[in-house]
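Biologist: I am new to this structure and would like to learn how to read its features. Could we begin with how helices pack, and then turn to domains?

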Amino acid sequence: MSVQDLIRQRFFPHLWCPGCGHGIVLNNLLRVIDAEGYDPYSLCMVSGIGCSSRVSGYVNFHTMHTMHGRALACATGIKLTKPHLKVLVPMGDGDAMAIGGNHFIHACRRNIDLTAIVLNNRIYGMTGGQYSPLSGPGVLATTAPYSSIDNMFDTVKLASGAGASFVARTTAFHVREIQSILKKAIAHKGFSVVEILVGCPTYFGRKNKLGGQVELMEHYRDSTVPIGSKKLEENPHLIQRGIFVEEERAEYCAEYARIIERAVKEQ
Amino acid sequence: MSKKERNISFVQGNEACVRGALYAGVKFFAGYPITPSTEIAEQLARELPRIGGSFIQMEDEIASMCAVCGASLAGSKAMTATSGPGFSLKQEAIGYAVMAEIPCVVVNVQRAGPSTGLPTKAAQGDVNQARWGTHGDHSIIAMTASGIQDVFNVTIEAFNFAETYRTPVILLFDEVVGHMREKLVIPPQGELPVVERLKTSVKVGVNYHPYLPREDGRLPMSDYGGEHRFHVTGLYHNIWGFPTENPDESHRLLRHLVDKLENRAHLLARWKEHHLEDAESVLISYGSSARSALHHVEGCRAKGHRHGLLELQTLWPFPKQLVREKTARARHVFVVEMNMGQITSQVKAVVDDPDNVFLINRLDGSLVTPSDIESIIRVVEGRGV
């Protein structure tokens, strides 16, 4: 099987803007699936609304393009019904952390075996550049013309605190790292969260005078370091990349299977 | 035969709903605690794992409805249950189920609203919300019942309609029916018809179109995790399930979503009638208020007044033809309901003389009583106050 067999080729070229980081993530996700030899019939992708959510239309798996923020809740229903499916849930920062924030923390808490991929471009792209809960103070956006005063979530801390058993972060610049992290995240038995910092040159880059995708890629190269890097001593504002949490914990569907066993026996 | 062998029990409406759902083959429930529907979740939490099904208490009402959509597409007959505030929150995903044509059943055990309202009191104020709660043009099936045996039967019908027409079906019960107890007789499995999911006959490796109708108009399904990979979206879509902005395809989709139910209103109509043959005054009612209406009608008959009752079990699509027929010879039509006239306005719209249609209601959280009904009918009929 080749990567071509994993996509719906008739829908390409994709709808993302030139320079958008989402295509890089899709590319690397497909390479991981190909390399690991996953049967596409065993894969399900559930997405919400926004630029990132259009990933589900391009992959030739069982796919469900749902409502804004609701992908994890829909995916929970699928996973409980068909626990053998590998369920991948790509989400944008607004989709996952604002309108879908409640579903996100509770999916973490349940530790249900889904792979949440948060494509964080720090902006609502599909609607034209409004600030998101991951924009942070000082960011310019169409709804923050004087700059945003909203504090941001730290996806890694939020997911770890809420109980996800696999939590990682990387960027669209670090493609090999995307592959090594996604490989582990998909194989992980439990709720995995992979935050990938991606550039949105059209809105975030342009509004904040950060340049095009090349400059945004350089920005992610220079503003991030591996977990625990010595560079943090000089500059504590650097963003850490890598796997923050990787633990074996009781997984929701496996636990529910035991409930079924008990209920059947005790009748 | 012992009572157990005949499967007779004395149960609440909410439990009868659970029994009906299990009879119909429900395998998945997602919900959130809310009065007065909670017993449905509690009992399914116990029953579903016993049959290898799944119960999950989600983080909120929105998530419950979303999980139901996911589970149904993965192949399970799925349902949720709620009351007014939760029904409001579920509207987004109910719209998704309408658009993506996902079979599922949504129970709303009504309380008085708006907002938190009267959580433990009776009302029937969500009739129009069931019809128009989610945005955009669409059609929906909504059913109700006034007694425990009917709750059981109507719940099975709701699942059957959901599967037949690939649509969410709303069960609009109310607090009185949900919590009162009556005798329930559960017939042996197989005695009442149960519609199983229509699976596609498209072979493995052949393209499956989730929205390509058969000759009879039905849309066969495949399951996530099954033999076909397919796409589902809340966007306007083509027969492949992929987004479209093509005007012809968009028009066709919307007409299909509306026509598939509105054109079959006569097939979807379920009702009961009492003493309608020679009735001069026809009462129309549904849910718990129909019990009071029936009490009134039977009392009148004993006194020689020719009153009759049409009890609606299908509220949406509104059974226009049925209501026209049954009221054609009536001098007066009285609609008994616990709201400001949500079904009354439908009745007025279909009869020849809307000025002869009168609303008898109560809005204080109390069940409308036979004497409430009697006092208004006396005035209208000119029999004094």
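Modeller: Axes are lines fitted to C-alpha atoms, for helices over the stretch in contact, and angles run from 0 to 180 degrees between N-to-C directions. Helices (H or I, at least four residues) and strands (E, at least two) are DSSP runs, numbered from the N terminus. This is a predicted model, in which local features need pLDDT of at least 70 and side-chain atom pairs count only at pLDDT 80 or more, while totals for chains, interfaces and linings use all residues. Residues are numbered from 1 along each chain as its sequence is written, and chains are lettered from A and ligands numbered from 1 in the order in which they are written.

Biologist: At what angle do the axes of helix α5 and helix α6 of chain A cross?

Modeller: The axes of α5 (residues 101-110) and α6 (residues 155-162) of chain A cross at roughly 50° and come within 7 Å. Angles under 35 degrees count as roughly parallel, over 145 as roughly antiparallel, 65 to 115 as roughly perpendicular and the rest as oblique, and α5(A) and α6(A) are therefore oblique to each other.

Biologist: Which residues of α5(A) and α6(A) meet?

Modeller: Two residues are in contact if their C-beta atoms, placed from the backbone, lie within 7 Å; here A:Ile105, A:Cys108 and A:Arg109 of α5(A) meet A:Leu158, A:Ala159 and A:Ala162 of α6(A).

Biologist: Into which domains is chain B divided?

Modeller: Domain bounds come from an automatic or database domain assignment, and chain B is divided into domain 1 (3-186) and domain 2 (273-382). The C-alpha centres of domain 1 and domain 2 of chain B lie 26 Å apart, and 26 residues of domain 1 of chain B are in contact with 20 residues of domain 2 of chain B.
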